[in-house]
Amino acid sequence: MQQIIQTDFSGVDGLQIETIAESHLTPLSVKVNTKYIPVLPYDWLTEYGLLKTIRPVKLPMVIGYGFGGIVESTGLLRDHQLVGKAVIGVQPTGSAQTVINAQLPPLLFEVPPKVALKDAVTLIGGADAALHAVNSIKANSTDVVLVTGASGGVGTYLIQLLKLAGATVIALANPDNRVFVQSLGADVVLNYQADLAAQLTRTVVPNKVIDAVGRPELLQTITTVYEQLTIFSLSLTNFNPPKPNQSFKFSHGSIGISGYHQLLALLATGQIQAQIQTVYPFEDVKKAHLAAKNGHARGRMLLAF
Ligand SMILES: NC(=O)c1ccc[n+]([C@@H]2O[C@H](COP(=O)([O-])OP(=O)(O)OC[C@H]3O[C@@H](n4cnc5c(N)ncnc54)[C@H](OP(=O)(O)O)[C@@H]3O)[C@@H](O)[C@H]2O)c1
């Protein structure tokens, strides 16, 4: 089988595709023929050595976190009915492999027949983080929530989940993505590339912020304009809000098995929709990671196997 490994911290130049023997089936194995993995900031930030403090890794390592594929075989202790079924999951040891030997039962989810596998894959490292943040702020119909990074793999789900919770959404995006984030339900779209403070003073006042960008200067601008704000950031571990009635928390954690089932059901019933920007063959991993790092996001990029 083939896998993508990171060999150093030089960025995409340190990525290599290698061929290795398949690992053996254990009683806890579910062997999956990989079809897609999401391209996450987690991957390219690690490649450039930018996550060393929160994610220390030993190299070489297999890249990738989430996956979607078709179950090829199962170990004695796993549900044999899964064979032939479409699944998504998390592979903490790296998911960029043509065949994944998934050994952790709580991290594998069967995809309902109504949901396309590539759509389901975008839940991992996207909708899951968004749902966790939306639950953490206890979003409801009295809230006006400002979302940064609204056009990204997480932000596109943040908008949709906040709208389902009844909140009013102010989305920050680049001007090319105005119509795109509006189509996802954003009530107000502001251009983060223009004078943001001036735009903020002219629009409805938010009481909560979900930050999916991680630039302190952006939060600095936002907190200067308002007096009272609850901020949850998916990207910054620390930020000191300047005013007494402003709070900050780093949003991270799991939505649990029930959270993934909830998201799959929302996709199945069309209440949320996956936004897929581009699908690259896995051999083009360097191209995909450069595009994710340098380009403007419109949902999630995937690698196909
Ligand atoms: N804590 C957790 O559990 C968790 C889980 C998943 C992800 N995350 C984090 O969440 C963040 C978003 O992830 P993602 O997958 O959605 O990333 P993504 O798909 O790359 O999207 C990033 C978004 O940030 C925007 N952006 C980039 N530079 C900006 C700037 N200077 N000012 C304003 N907006 C800017 C992008 O807009 P443009 O397209 O206009 O550039 C895009 O909408 C990342 O920091 C990621 O590490 C955290």
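Leaving aside neighbours within four places in sequence, Asn191 is in contact (heavy atoms within 4.5 Å) with Ala173, Asn174, Pro175, Leu196 and Gln199. Asn191 is found in strand 11, residues 188–191. Helices (H or I, at least four residues) and strands (E, at least two) are DSSP runs, numbered from the N terminus. At 18% relative accessibility, Asn191 counts as buried. Buried means under 20% relative accessible area, exposed over 50%, and partly exposed in between, with a 1.4 Å probe and protein chains only.

The model is predicted: local features need pLDDT of at least 70, side-chain atom pairs count only at pLDDT 80 or more, and totals for chains, interfaces and linings use all residues. Residues are numbered from 1 along each chain as its sequence is written, and side-chain values use heavy atoms, with hydrogens and water left out.

Now the domains. The assignment gives domain 1 (2–122 + 274–304) and domain 2 (127–250); such bounds come from an automatic or database domain assignment. The C-alpha centres of domain 1 and domain 2 lie 28 Å apart. At the interface, 10 residues of domain 1 are in contact with 16 residues of domain 2. Together the two domains bury about 950 Å², with 47% of it on carbon and sulfur atoms. Buried area is the accessible area (1.4 Å probe) that two parts lose on being put together, summed over both. Gln275, His296 and Arg298 supply 49% of the area that domain 1 buries against domain 2, more than any other three residues.

What kinds of pairs cross this interface? Seven residue pairs are in polar contact, with both residues at pLDDT 80 or more. A polar contact is a pair of N or O atoms within 3.5 Å; within protein, one must be able to donate a hydrogen and the other to accept it, and residues adjacent in sequence count only if both atoms are side-chain atoms. The number of salt bridges between domain 1 and domain 2 is zero. The side of domain 1 that touches domain 2 has three nonpolar, four polar and three charged residues. Here Ala, Val, Leu, Ile, Met, Phe, Trp, Tyr, Cys and Pro count as nonpolar, Asp, Glu, Lys and Arg as charged, and the others, Gly among them, as polar.

Among the buried residues are Leu123, Ile124, Asp128 and His132. Just after helix 3, Lys138 takes a positive phi of about 50°.

Next, the charged pairs. A salt bridge is a side-chain nitrogen of Lys or Arg within 4 Å of a carboxyl oxygen of Asp or Glu. By this rule the count comes to six. One of them joins Glu22 and Lys31, with the closest N and O atoms 3.0 Å apart. Glu22 is partly exposed at 38% relative accessibility, whereas Lys31 is buried at 8%.

Glu110 and Lys85 also meet in a salt bridge (3.8 Å, N to O). Glu110 lies in strand 8 (residues 108–110) and Lys85 in the loop between strand 5 (66–74) and strand 6 (86–90), so the pair ties together parts 25 residues apart in sequence. Glu110 is partly exposed at 40%, and Lys85 is partly exposed at 31%.

Lys208 forms a salt bridge with Asp143, the closest N and O atoms being 3.0 Å apart. This pair links distant parts of the chain: Lys208 is in strand 12 (residues 208–211), Asp143 in the loop between helix 3 and strand 9 (144–148), 65 residues apart. Lys208 is buried at 12% relative accessible area, and Asp143 is buried at 2%.
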